[in-house]
Amino acid sequence: MVGFLGAVVAAAIVLISTSSIVLVESSITTFSKAFKPLYGESNIVSYEDEGSVEIAMDEATSSGFHSKEMYVQGYFETSLRLPESYTAGVVVTFYASNNQKYPYRHDEIDLEFLGRARGGTWSLQTNFYGGGHVERGREERYDLWFDPSEDSHRYAIRWGPDRITYYVDGVPIRHVAKAPAMRAEFPNKEMRLYGTIWNGSDWATGGGRYKMDMSYGPFVAKYSGFVMNGCPFNGTGPRDCVDRGLTLTREERLKMNGFRRRWMTYSYCYDIKRYPLSLPECVFNSRELRHLQKLHPKTFGYSKNSN
Ligand SMILES: *[C@@H]1O[C@H](CO)[C@@H](O)[C@H](O)[C@H]1NC(C)=O
């Protein structure tokens with residue numbers, strides 16, 4: 001009997017240690033291990049068994065969470081399902097920032113979802129700031145090839161000393177290589193990860209034309225499948241992390257180009273009214289430009305104005 005129990009216990013230990021090795025390798029972590037509420041705690045529901053969390057915005061409050069650790073570089077992923085129905089004005093985010101620690105020279109890397117008006121779609125916006133230079137936004141926006149409110153999809157930020165890549169379901173959608181002239185405008189200080197839902201009626205949908213309508217609320221976003229594969233900040237300053245995925249393979253670049261030519265709806269790199277001299281990291285791609293010109297001839301009238 002003792003022998004039998006001992007064998008059962010031993011088997012259980014093997015099972016537990018095997019699964020925890022898998023967890024460590026893939027670095028999937030739970031909400032409660034890696035994050036804590038930031039504001040609107042009454043609208044945050046964590047599901048321990050799934051490792052997931054729902055954050056909501058209703059008449060009373062918006063809500064958000066942030067990582068317990070600060071990180072120096074890394075790969076950060078979440079699976080996210082966005083609120084359904086009419087969501088104009090609603091903004092849902094997954095981003096890295098250090099604005100609480102460095103309010104005047106903060107860094108930020110953003111994935112922001114902008115709610116949909118009637119007959120419209122959710123839009124994904126990416127952006128980043130470095131050294132508090134918020135006067136120079138580097139926004140891009142994209143449509144998605146699926147309805148992000150129907151199911152969970154994976155969204156990720158990979159951040160290295162001189163690269164940032166954004167991913168949707170494993171497809172790189174934007175890759176930034178630091179140009180020397182960017183100096184401090186490339187994120188380089190430790191950051192926390194955040195997830196938030198808030199009222200962006202002033203700008204989010206149709207440039208602010210379509211406002212949030214609380215009669216469609218409460219608006220609920222569900223986050224799960226967190227991968228926090230970053231180097232926790234050790235208190236003394238940035239240090240290098242080993243990350244082999246910083247440059248894109250040829251195959252990844254092809255996938256990215258295919259995505260951008262089809263789904264990108266805005267890029268600051270081609271917005272010559274805003275930046276007559278494009279910012280130093282911008283890489284000109286004629287097929288991207290033609291695609292954007294077809295969508296918005298007024299904003300991206302590059303070829304007509306040049307020469
Ligand atoms: C949402 O934001 C807009 C613009 O700032 C504001 O007019 C509106 O009252 C806000 N709605 C709610 C429910 O807070």
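An oxygen atom of the ligand lies 2.4 Å from an N or O atom in the side chain of Asn199. A second pairing involves Asp202, where the separation between a ligand oxygen atom and a side-chain N or O atom is 3.3 Å. Polar contacts of this kind are pairs of N or O atoms within 3.5 Å.

The model is predicted, with local features requiring pLDDT of at least 70 and side-chain atom pairs counted only at pLDDT 80 or more, while totals for chains, interfaces and linings use all residues. Residues are numbered from 1 along each chain as its sequence is written, and side-chain values use heavy atoms, with hydrogens and water left out.

The surroundings of the ligand consist of Asn199, Ser201, Asp202 and Met212, a residue being near a molecule if one of its heavy atoms lies within 4 Å of it. The protein covers 40% of the 360 Å² of accessible area that the ligand has on its own (Shrake-Rupley method, 1.4 Å probe).

Elsewhere, a search of the whole structure finds one disulfide, meaning a pair of cysteine sulfur atoms within 2.5 Å. Cys269 and Cys282 form a disulfide with an S to S distance of 2.0 Å. The angle about the S-S bond is -80°, and the link is left-handed. Cys269 and Cys282 both lie in the loop between strand 16 (264–267) and helix 4 (286–295), so the pair ties together parts that are 13 residues apart in sequence. Helices (H or I, at least four residues) and strands (E, at least two) are DSSP runs numbered from the N terminus. Both Cys269 and Cys282 are buried, that is, under 20% relative accessible area with a 1.4 Å probe and protein chains only.

Conventions. Polar contact = N/O pair within 3.5 Å; in protein donor to acceptor, adjacent residues only side chain to side chain. Buried < 20%, exposed > 50% of the residue type's maximum accessible area, 1.4 Å probe, protein only.
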